[in-house]
Amino acid sequence: MDLFLQQLANGLVIGSTYAVVAIGFALAFTVLRVINFAHPDIFMVGMFAGLLAGVQTPWLGFLVTLVAGAVGAGAVGFALERGVIAPLRGRDVLMTLIGTLGVGIILQNGMAVIVGPDPVAYPALIPRRFVDIGPVSLTMRQLANFAVCLLLLTGVSFYVRGTTWGRATRAIAERPEVAAAFGVNVARICQFTILLASMMAGLAAVSVGVLYGSAHAFIGLLYGLKAFICMLVAGNRYFEGVMVVGLAIGVIEALVTGYLSSSLRDAAAFFILIGVLYFRPNGLFGSYAS
Amino acid sequence: MSALLAIEDLSVSYGVVPAVRNVSLEIEKGELRVILGANGAGKTTILKALLGLLRAKSGRIAFEGGQDLLQLKPHEIHRLGIAWVPEGRQLWNTLTVLDNLRLGGFGDMDKAAVERRIKEMLERFPRLGERRHQVAGSLSGGEQQMVAIARALVAAPKLLLMDEPSLGLAPLVVRDVFALVEEINGMGISILMVEQNAHQALRVASWVYLLENGEIVESGPAREIGSKERVREVFLGGHA
């Protein structure tokens, strides 16, 4: 039972990061009808922006590093929307997919040229100390990572349900034409959506960098793949559904690692995806018609 | 006095296929005019061009004698005081009734006025008041039509565009919807409606345009148009 609880906690930590990155994918896909394959690399840029701030100003601490990650990722996300997504909006979905994939490749390899292809040490902004919660033992860094992601997920849920712009975001996701006819500036909301998703990814990335103590130019691949699977498994109708699936996939991976084998961990998400696509091709929580 | 809305020589195409050809029509303040036409005649295309949702090939649409609507974006057109009741309701089905109404007033900066109008709508339609926290997709067709109309009225429009408000509704509900249309027009809101239900449309309209294959082939007072042989045969099943 202790192993189960420990793996459950570990899974929630990793799953919360999947959920944040997956929400970024889902926001772009539902609101802009864009599969933003640069999103995982914006996550990576946020991680390095935080690293830079953490190295240059270690006395300013974790919060300032988070802000730097959000600003760095947000700036790249904004430039991506202005330079690639907006000019291609309304055209075939493959065009934006290829455009964002190209930007992603440039970001990955550009960063690899700057910092090298190997992992770079992340400043130890949070002590490695363990905290015992009953039979579960988590590090301070795990708790910080989980807290940041949970705050982001709660915040985005409040945004889409409790604010005027959030309601407009959902309105565009469901019926963009009607939303425009009722006074919603669709282009403005699209810009903000990419900015928001990118800043969230940047914040989560910094907490992941601190958690593992390293940053890597190709780290976006791992999180991007899992997050994309989360969106496909959940469907894009409910953002909260994407969050739940992100957390669930994290937990399932941790349980597979704990009870079966760590080498099967990454396969678990793909098995889930295949099962869901077979039985519920629109995702567990349904999808908007494209 | 200039018309509230004046469409001049509007042409719209889907690719190379013309959908609307040289349509001209106008509506005065407080009037209720109807565009009558069969499926595919181009009725919805005219409304969508007017709302900025479709790019016109040529023409001009003046609202209150001012700027050409064809040069504006949809949200800018909405701000001028034009609201839409789309064909098939097209509510945001995953949002609550209340959220649908709130989005009706999205473009209005005076949020207190929006909330006041929402309250008025919920009082005017008590069934919606009871179901305001329910998602719109769970309502019946008639209730959804009420939400669609209330959503448009929350925008406090000067001109209401109604796209086949009777479509897919039971006959008793259709009667209620047209009674509501008359009531809204009685409040001084101008209405441009496109319809296939000629019986009801001819009863409530002051002026009717007959649209065939994207062109206006007849126009005139509703009573006069209703008595034309062509209209009686095509739209009224041979009855006056």
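Predicted model: local features only at pLDDT ≥ 70, side-chain atom pairs only at ≥ 80, totals over all residues.
Visitor: Why is B:F106 called buried?

Guide: The relative accessible area of B:F106 is 12%. Buried means under 20%, so B:F106 qualifies as buried. The residue sits in the loop between helix 3 (97-104) and helix 4 (111-124) of chain B.

Visitor: Which residues does B:F106 touch, leaving aside residues up to four places away in sequence?

Guide: The residues touched are A:T164, A:W165, A:A168, A:F182, A:G183, A:V184, A:N185 and B:K111. Contact means heavy atoms within 4.5 Å.

Visitor: How do you know that the size of chain B agrees with a compact globule?

Guide: For 240 residues, a compact globule would have a radius of gyration near 18 Å; chain B has 17 Å, and therefore the two agree. The C-alpha trace of chain B spans about 45 × 40 × 35 Å along its principal axes. Buried residues account for 55% of the 240 residues in chain B. Among contacts in chain B with a separation of 6 or more, 67% come from residues 24 or more positions apart.

Visitor: What makes strand 5 and strand 9 of chain B edge strands?

Guide: Strand 5 (82-85) and strand 9 (215-221) of chain B each pair on one side only. They belong to an open sheet of six strands in chain B, in the order 5-6-7-3-8-9, with mixed pairing. Neighbouring strands of this sheet are turned by 15° against each other on average, direction ignored.

Visitor: How do you know that strand 5 of chain B pairs with strand 6 of chain B?

Guide: Four bridges join strand 5 to strand 6 of chain B. Pairing requires at least two bridges, so these strands are paired, and they run parallel. In strand 6 of chain B, B:M162 is the bridge partner of B:V85. Both faces of strand 5 of chain B are covered: B:I82 and B:W84 on one side, and B:A83 and B:V85 on the other, are all buried.

Visitor: What joins strand 6 of chain B to strand 7 of chain B, and what lies across them?

Guide: Five bridges join strand 6 (residues 159-163) to strand 7 (residues 190-195) of chain B, and these strands run parallel. B:L160 has B:I191 as its bridge partner in strand 7 of chain B. Helix 7 (residues 171-186) of chain B lies across strand 3 (32-37), strand 6 and strand 7 of chain B, running at about 155° to strand 7 of chain B.

Visitor: Which residues touch the most other members of the largest nonpolar core?

Guide: They are A:F43, B:L5, B:L160 and B:L192, in a core of 169 residues. Helix 1 (residues 2-32) of chain A gives the most to this core, with 13 residues. Not counting residues up to four places away in sequence, B:L192 touches several residues, among them B:L5, B:L25, B:I27 and B:L160.

Visitor: How do you know that strand 2 and strand 3 of chain A are paired?

Guide: Four bridges join strand 2 of chain A to strand 3 (residues 136-139) of chain A. The threshold is at least two, so the strands pair, running antiparallel. A:L138 in strand 3 of chain A is the bridge partner of A:V131. This hairpin has two residues between the strands, and A:G134 takes a positive phi near 60°.

Visitor: Which element of chain A has the lowest mean pLDDT?

Guide: Strand 2 (residues 130-133) of chain A has the lowest, 91, whereas helix 8 (residues 186-212) of chain A has the highest, 96. The mean pLDDT of chain A is 93, and 99% of its residues reach 70 or more.

Terms used: Residues numbered from 1 in each chain as written. Chains lettered and ligands numbered in written order. Heavy atoms only, no water. Core = buried A, V, L, I, M, F, W, Y, C linked by side-chain atoms within 4.5 Å. Buried < 20%, exposed > 50% of the residue type's maximum accessible area, 1.4 Å probe, protein only. Axes fitted to C-alpha atoms, helices over the stretch in contact; angles between N-to-C directions. pLDDT = per-residue confidence, 0-100. Rg over C-alpha atoms; globule rule 2.2 N^0.38 Å.
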